[in-house]
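This briefing looks at aromatic rings and at charges placed over them. Please keep the sequence and the structure in view while reading.

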Amino acid sequence: MRQVTVLRHRRILIREICNGRKQRMQESEGISSRPTAHPAKLTQFSIRELHDRPLSGKPHEAVPWHWKLYGCELIATAVLMIVGILTNTLILAPASPLSDVLKQHPGLQTALCGLFFGLGATCAAMTPFGKTSGAHLSPSVSLAFALGGRLAPRDMLGYFVAQITGACIGTLAIYSTGLLTPGWGGWMSSIHYAATLPAPQLSPIPVIGAELCATAGLIFMLLFLAAHSEFNRFAIWMPGLYYFCANPLIAWISGDSTNFARSLGPALMAGNFRGLWIYAVSPVMGAALAMLLLRSGLFGKIRLMEARLVNFGHHG
(Lines give C-alpha, C1' and ligand atoms only; values in the text may rest on other atoms or scores of the structure.)
Protein backbone atom coordinates (compact mmCIF):
# COMPACT_ATOMS: atom_id res chain seq x y z
CA MET A 1 0.00 0.00 0.00
CA ARG A 2 2.84 2.39 0.90
CA GLN A 3 4.54 1.75 -2.44
CA VAL A 4 1.30 2.41 -4.34
CA THR A 5 0.84 5.67 -2.43
CA VAL A 6 4.38 6.80 -3.23
CA LEU A 7 3.95 6.00 -6.93
CA ARG A 8 0.65 7.86 -7.00
CA HIS A 9 2.23 10.85 -5.28
CA ARG A 10 5.01 10.82 -7.86
CA ARG A 11 2.57 10.74 -10.79
CA ILE A 12 0.62 13.63 -9.31
CA LEU A 13 3.78 15.67 -8.85
CA ILE A 14 4.89 15.00 -12.41
CA ARG A 15 1.45 15.99 -13.72
CA GLU A 16 1.60 19.25 -11.80
CA ILE A 17 5.01 20.05 -13.23
CA CYS A 18 3.82 19.36 -16.76
CA ASN A 19 0.71 21.51 -16.25
CA GLY A 20 2.87 24.52 -15.49
CA ARG A 21 2.52 24.85 -11.74
CA LYS A 22 6.23 24.46 -11.26
CA GLN A 23 6.82 26.99 -14.04
CA ARG A 24 4.73 29.61 -12.21
CA MET A 25 6.65 28.89 -9.00
CA GLN A 26 9.94 29.40 -10.83
CA GLU A 27 8.80 32.72 -12.25
CA SER A 28 7.80 33.95 -8.80
CA GLU A 29 11.29 33.09 -7.56
CA GLY A 30 13.00 34.82 -10.45
CA ILE A 31 13.87 31.72 -12.46
CA SER A 32 13.45 32.08 -16.20
CA SER A 33 10.59 30.09 -17.68
CA ARG A 34 11.93 27.24 -19.76
CA PRO A 35 10.24 24.16 -21.22
CA THR A 36 9.97 21.52 -18.51
CA ALA A 37 11.34 18.08 -19.00
CA HIS A 38 9.26 15.38 -20.65
CA PRO A 39 7.24 13.30 -18.15
CA ALA A 40 8.96 10.12 -19.25
CA LYS A 41 12.30 11.61 -18.23
CA LEU A 42 11.00 12.77 -14.87
CA THR A 43 9.91 9.29 -13.81
CA GLN A 44 13.54 8.27 -13.30
CA PHE A 45 13.85 10.71 -10.36
CA SER A 46 12.68 10.12 -6.83
CA ILE A 47 10.45 12.63 -5.05
CA ARG A 48 13.43 13.66 -2.95
CA GLU A 49 15.51 14.34 -6.06
CA LEU A 50 12.73 16.42 -7.59
CA HIS A 51 12.66 18.59 -4.47
CA ASP A 52 16.45 18.82 -4.08
CA ARG A 53 17.47 22.11 -5.71
CA PRO A 54 20.87 23.08 -4.29
CA LEU A 55 21.68 25.62 -7.00
CA SER A 56 18.44 27.44 -6.26
CA GLY A 57 19.36 27.63 -2.60
CA LYS A 58 16.82 24.96 -1.67
CA PRO A 59 18.60 21.68 -1.00
CA HIS A 60 16.55 18.79 0.32
CA GLU A 61 17.02 18.31 4.06
CA ALA A 62 18.00 14.68 3.45
CA VAL A 63 20.84 15.70 1.10
CA PRO A 64 23.23 17.90 3.11
CA TRP A 65 26.14 17.59 0.66
CA HIS A 66 26.16 17.43 -3.15
CA TRP A 67 29.35 15.65 -4.01
CA LYS A 68 28.59 15.28 -7.71
CA LEU A 69 28.28 19.06 -8.05
CA TYR A 70 31.51 19.65 -6.15
CA GLY A 71 33.40 17.07 -8.22
CA CYS A 72 32.19 18.56 -11.48
CA GLU A 73 33.06 22.07 -10.29
CA LEU A 74 36.56 20.85 -9.41
CA ILE A 75 37.15 19.45 -12.90
CA ALA A 76 35.66 22.51 -14.62
CA THR A 77 37.94 24.82 -12.62
CA ALA A 78 40.94 22.67 -13.58
CA VAL A 79 39.95 23.10 -17.24
CA LEU A 80 39.82 26.87 -16.76
CA MET A 81 43.38 26.90 -15.42
CA ILE A 82 44.77 24.61 -18.11
CA VAL A 83 43.30 26.69 -20.94
CA GLY A 84 44.21 29.99 -19.28
CA ILE A 85 47.83 29.15 -18.49
CA LEU A 86 48.38 27.48 -21.87
CA THR A 87 47.12 30.45 -23.88
CA ASN A 88 48.75 33.07 -21.66
CA THR A 89 52.10 31.30 -21.97
CA LEU A 90 51.88 31.45 -25.76
CA ILE A 91 50.96 35.14 -25.59
CA LEU A 92 53.45 36.28 -22.93
CA ALA A 93 56.50 33.99 -22.82
CA PRO A 94 59.52 35.87 -24.25
CA ALA A 95 60.58 32.80 -26.25
CA SER A 96 57.16 32.42 -27.90
CA PRO A 97 56.98 33.56 -31.55
CA LEU A 98 53.52 34.97 -30.88
CA SER A 99 54.84 37.01 -27.98
CA ASP A 100 57.61 38.31 -30.21
CA VAL A 101 54.96 39.79 -32.50
CA LEU A 102 52.64 41.06 -29.77
CA LYS A 103 55.30 42.77 -27.68
CA GLN A 104 55.21 45.60 -30.20
CA HIS A 105 51.64 46.22 -28.99
CA PRO A 106 51.72 45.72 -25.19
CA GLY A 107 48.17 46.95 -24.66
CA LEU A 108 46.81 44.39 -27.13
CA GLN A 109 49.02 41.69 -25.64
CA THR A 110 47.61 42.33 -22.16
CA ALA A 111 44.06 42.45 -23.48
CA LEU A 112 44.47 39.14 -25.28
CA CYS A 113 45.70 37.52 -22.07
CA GLY A 114 42.43 38.54 -20.45
CA LEU A 115 40.38 37.46 -23.44
CA PHE A 116 41.78 33.94 -23.54
CA PHE A 117 41.68 33.40 -19.79
CA GLY A 118 38.03 34.48 -19.93
CA LEU A 119 37.39 32.13 -22.84
CA GLY A 120 38.93 29.42 -20.68
CA ALA A 121 35.98 29.97 -18.36
CA THR A 122 33.62 29.59 -21.31
CA CYS A 123 35.34 26.36 -22.37
CA ALA A 124 35.09 25.03 -18.83
CA ALA A 125 31.41 25.94 -18.65
CA MET A 126 30.68 24.13 -21.90
CA THR A 127 32.11 20.83 -20.69
CA PRO A 128 29.70 18.24 -19.22
CA PHE A 129 31.21 19.05 -15.83
CA GLY A 130 30.51 22.76 -16.11
CA LYS A 131 26.99 22.07 -17.33
CA THR A 132 26.37 19.97 -14.24
CA SER A 133 27.85 22.29 -11.61
CA GLY A 134 26.80 25.59 -13.20
CA ALA A 135 30.48 26.51 -13.70
CA HIS A 136 30.92 29.14 -11.01
CA LEU A 137 34.71 28.55 -11.27
CA SER A 138 35.44 31.21 -8.66
CA PRO A 139 34.76 31.62 -4.94
CA SER A 140 33.61 35.18 -5.61
CA VAL A 141 30.91 33.95 -8.00
CA SER A 142 29.74 31.28 -5.55
CA LEU A 143 29.68 33.88 -2.77
CA ALA A 144 27.50 36.13 -4.92
CA PHE A 145 25.02 33.31 -5.49
CA ALA A 146 25.03 32.56 -1.77
CA LEU A 147 24.38 36.20 -0.91
CA GLY A 148 21.55 36.13 -3.42
CA GLY A 149 19.97 33.11 -1.74
CA ARG A 150 20.81 30.71 -4.58
CA LEU A 151 23.41 28.64 -2.74
CA ALA A 152 23.18 27.30 0.80
CA PRO A 153 26.18 28.01 3.08
CA ARG A 154 27.17 24.34 3.17
CA ASP A 155 27.13 24.07 -0.62
CA MET A 156 29.01 27.36 -0.89
CA LEU A 157 31.74 25.84 1.24
CA GLY A 158 31.76 22.74 -0.97
CA TYR A 159 32.15 24.91 -4.06
CA PHE A 160 34.97 26.90 -2.44
CA VAL A 161 36.94 23.74 -1.69
CA ALA A 162 36.25 22.34 -5.16
CA GLN A 163 37.37 25.52 -6.91
CA ILE A 164 40.57 25.89 -4.92
CA THR A 165 41.43 22.21 -5.34
CA GLY A 166 40.55 22.27 -9.04
CA ALA A 167 42.70 25.34 -9.68
CA CYS A 168 45.67 23.70 -7.96
CA ILE A 169 45.18 20.44 -9.87
CA GLY A 170 44.80 22.24 -13.19
CA THR A 171 47.96 24.28 -12.60
CA LEU A 172 49.82 21.14 -11.51
CA ALA A 173 48.68 19.36 -14.66
CA ILE A 174 50.00 22.07 -16.97
CA TYR A 175 53.15 22.32 -14.82
CA SER A 176 53.71 18.59 -15.33
CA THR A 177 53.81 19.04 -19.09
CA GLY A 178 56.80 21.32 -18.54
CA LEU A 179 58.64 18.51 -16.76
CA LEU A 180 58.21 16.34 -19.84
CA THR A 181 59.21 19.16 -22.20
CA PRO A 182 61.81 21.38 -20.51
CA GLY A 183 61.63 24.06 -23.19
CA TRP A 184 57.92 24.45 -22.65
CA GLY A 185 58.49 24.39 -18.91
CA GLY A 186 60.89 27.28 -19.30
CA TRP A 187 58.25 29.26 -21.17
CA MET A 188 55.73 28.78 -18.36
CA SER A 189 58.28 29.48 -15.66
CA SER A 190 59.24 32.74 -17.34
CA ILE A 191 55.72 34.11 -16.80
CA HIS A 192 55.34 32.50 -13.34
CA TYR A 193 52.58 30.20 -14.63
CA ALA A 194 50.34 33.21 -15.34
CA ALA A 195 50.46 34.27 -11.70
CA THR A 196 48.69 37.45 -10.63
CA LEU A 197 51.01 39.71 -8.64
CA PRO A 198 50.46 43.20 -7.23
CA ALA A 199 52.57 45.96 -8.72
CA PRO A 200 55.68 46.20 -6.52
CA GLN A 201 55.76 49.99 -6.67
CA LEU A 202 52.24 50.32 -5.23
CA SER A 203 50.94 50.03 -1.69
CA PRO A 204 48.26 47.40 -0.99
CA ILE A 205 45.45 50.00 -1.01
CA PRO A 206 45.26 50.63 -4.80
CA VAL A 207 45.75 46.92 -5.48
CA ILE A 208 42.84 46.07 -3.20
CA GLY A 209 40.76 48.78 -4.85
CA ALA A 210 41.57 47.47 -8.33
CA GLU A 211 40.63 43.89 -7.46
CA LEU A 212 37.50 45.01 -5.64
CA CYS A 213 36.30 47.04 -8.63
CA ALA A 214 37.23 44.35 -11.15
CA THR A 215 35.37 41.67 -9.21
CA ALA A 216 32.34 43.86 -8.58
CA GLY A 217 32.17 44.73 -12.28
CA LEU A 218 32.41 41.09 -13.34
CA ILE A 219 29.76 39.85 -10.89
CA PHE A 220 27.43 42.72 -11.65
CA MET A 221 27.72 42.17 -15.41
CA LEU A 222 27.14 38.41 -15.24
CA LEU A 223 24.15 38.57 -12.90
CA PHE A 224 22.60 41.58 -14.60
CA LEU A 225 22.75 39.85 -17.99
CA ALA A 226 21.49 36.61 -16.50
CA ALA A 227 18.47 38.38 -15.00
CA HIS A 228 17.23 39.62 -18.39
CA SER A 229 15.90 37.05 -20.82
CA GLU A 230 16.95 39.10 -23.84
CA PHE A 231 20.59 39.05 -22.71
CA ASN A 232 21.09 35.92 -20.62
CA ARG A 233 22.11 33.75 -23.57
CA PHE A 234 25.24 35.88 -23.87
CA ALA A 235 26.30 35.62 -20.21
CA ILE A 236 28.41 32.51 -20.75
CA TRP A 237 30.46 34.29 -23.43
CA MET A 238 31.02 37.56 -21.59
CA PRO A 239 33.98 36.80 -19.28
CA GLY A 240 36.40 36.86 -22.21
CA LEU A 241 35.13 40.21 -23.44
CA TYR A 242 35.10 41.61 -19.92
CA TYR A 243 38.73 40.68 -19.23
CA PHE A 244 39.74 41.85 -22.72
CA CYS A 245 38.51 45.33 -21.77
CA ALA A 246 39.54 45.29 -18.10
CA ASN A 247 43.04 43.83 -18.38
CA PRO A 248 44.73 46.87 -19.96
CA LEU A 249 43.31 49.01 -17.15
CA ILE A 250 43.81 46.74 -14.15
CA ALA A 251 46.38 44.03 -14.93
CA TRP A 252 49.37 46.33 -14.37
CA ILE A 253 48.04 47.12 -10.87
CA SER A 254 46.89 43.74 -9.58
CA GLY A 255 46.96 41.19 -12.39
CA ASP A 256 43.15 41.40 -12.75
CA SER A 257 42.45 38.14 -10.95
CA THR A 258 38.94 38.49 -9.40
CA ASN A 259 39.34 34.85 -8.36
CA PHE A 260 41.32 33.60 -5.36
CA ALA A 261 41.46 30.04 -6.71
CA ARG A 262 42.88 31.28 -10.02
CA SER A 263 45.61 33.19 -8.13
CA LEU A 264 46.46 30.41 -5.67
CA GLY A 265 47.27 27.69 -8.23
CA PRO A 266 50.01 29.62 -10.08
CA ALA A 267 51.34 31.03 -6.79
CA LEU A 268 51.93 27.49 -5.53
CA MET A 269 53.73 26.38 -8.70
CA ALA A 270 55.81 29.56 -8.94
CA GLY A 271 56.53 29.66 -5.21
CA ASN A 272 55.62 33.34 -5.12
CA PHE A 273 52.99 34.29 -2.56
CA ARG A 274 53.52 38.05 -2.60
CA GLY A 275 50.24 39.78 -1.97
CA LEU A 276 48.23 36.56 -2.13
CA TRP A 277 46.06 37.68 0.77
CA ILE A 278 44.79 40.53 -1.40
CA TYR A 279 43.22 38.04 -3.82
CA ALA A 280 41.47 36.34 -0.92
CA VAL A 281 40.03 39.53 0.56
CA SER A 282 39.30 41.86 -2.37
CA PRO A 283 37.09 39.55 -4.48
CA VAL A 284 34.93 38.88 -1.41
CA MET A 285 34.36 42.61 -0.99
CA GLY A 286 33.78 42.99 -4.71
CA ALA A 287 31.15 40.26 -4.79
CA ALA A 288 29.39 41.80 -1.79
CA LEU A 289 29.44 45.23 -3.45
CA ALA A 290 27.99 43.83 -6.67
CA MET A 291 25.14 42.16 -4.80
CA LEU A 292 24.49 45.36 -2.87
CA LEU A 293 24.16 47.29 -6.11
CA LEU A 294 21.94 44.65 -7.67
CA ARG A 295 19.65 44.62 -4.63
CA SER A 296 19.55 48.40 -4.31
CA GLY A 297 16.84 48.86 -6.94
CA LEU A 298 18.93 51.43 -8.82
CA PHE A 299 19.01 49.16 -11.86
CA GLY A 300 15.47 47.87 -11.68
CA LYS A 301 14.23 44.68 -10.14
CA ILE A 302 16.92 42.02 -10.50
CA ARG A 303 15.91 38.39 -10.09
CA LEU A 304 18.87 36.14 -9.52
CA MET A 305 18.72 32.81 -11.32
CA GLU A 306 20.86 29.73 -10.94
CA ALA A 307 23.78 29.51 -13.35
CA ARG A 308 22.78 26.18 -14.94
CA LEU A 309 19.35 27.50 -15.90
CA VAL A 310 20.76 30.67 -17.46
CA ASN A 311 23.59 29.07 -19.40
CA PHE A 312 22.11 25.72 -20.35
CA GLY A 313 18.37 25.87 -19.72
CA HIS A 314 18.18 23.08 -17.16
CA HIS A 315 18.26 22.44 -13.42
CA GLY A 316 20.46 19.35 -13.74
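In this predicted model, Arg154 lies over the face of Trp65, and the distance to the ring centre is 5.1 Å. Trp65 also belongs to a cluster in which ring pairs link it with Trp67, Tyr70 and Tyr159. A search of the whole structure finds eight aromatic pairs. One of them is formed by Trp67 and Tyr70.

**Trp67 and Tyr70**

- A pair of aromatic rings is described by the distance of the centres and the angle of the planes.
- For Trp67 and Tyr70 the centres are 5.6 Å apart and the planes are at 85°, an edge-to-face pair.
- Both residues, Trp67 and Tyr70, are in helix 5 (residues 67-92), where three residues, about one turn of the helix, separate them.
- Trp67 has a relative accessible area of 62% and is exposed, because the cut-off for exposed is over 50%.
- Tyr70 has a relative accessibility of 5% and counts as buried, because the cut-off for buried is under 20%.

**Tyr70 and Tyr159**

- The ring centres of Tyr70 and Tyr159 lie 6.0 Å apart with the planes at 85°, so this pair is edge-to-face.
- Tyr70 is in helix 5 and Tyr159 is in helix 10 (residues 153-180), so the pair ties together parts that are 89 residues apart in sequence.
- Tyr70 and Tyr159 are both buried.

**Another charge over a ring**

- Arg262 has its charged end over the ring of Phe117, at 4.2 Å from the ring's centre.

Terms used
Residues numbered from 1 in each chain as written. Predicted model: local features only at pLDDT ≥ 70, side-chain atom pairs only at ≥ 80, totals over all residues. Heavy atoms only, no water. Phe/Tyr/Trp six-rings, centres within 6.5 Å; stacked < 30°, edge-to-face > 60°. Helix = DSSP H or I, 4+ residues; strand = E, 2+ residues; numbered from the N terminus. Buried < 20%, exposed > 50% of the residue type's maximum accessible area, 1.4 Å probe, protein only. Lys NZ or Arg CZ within 6 Å of the ring centre and 35° of its normal.
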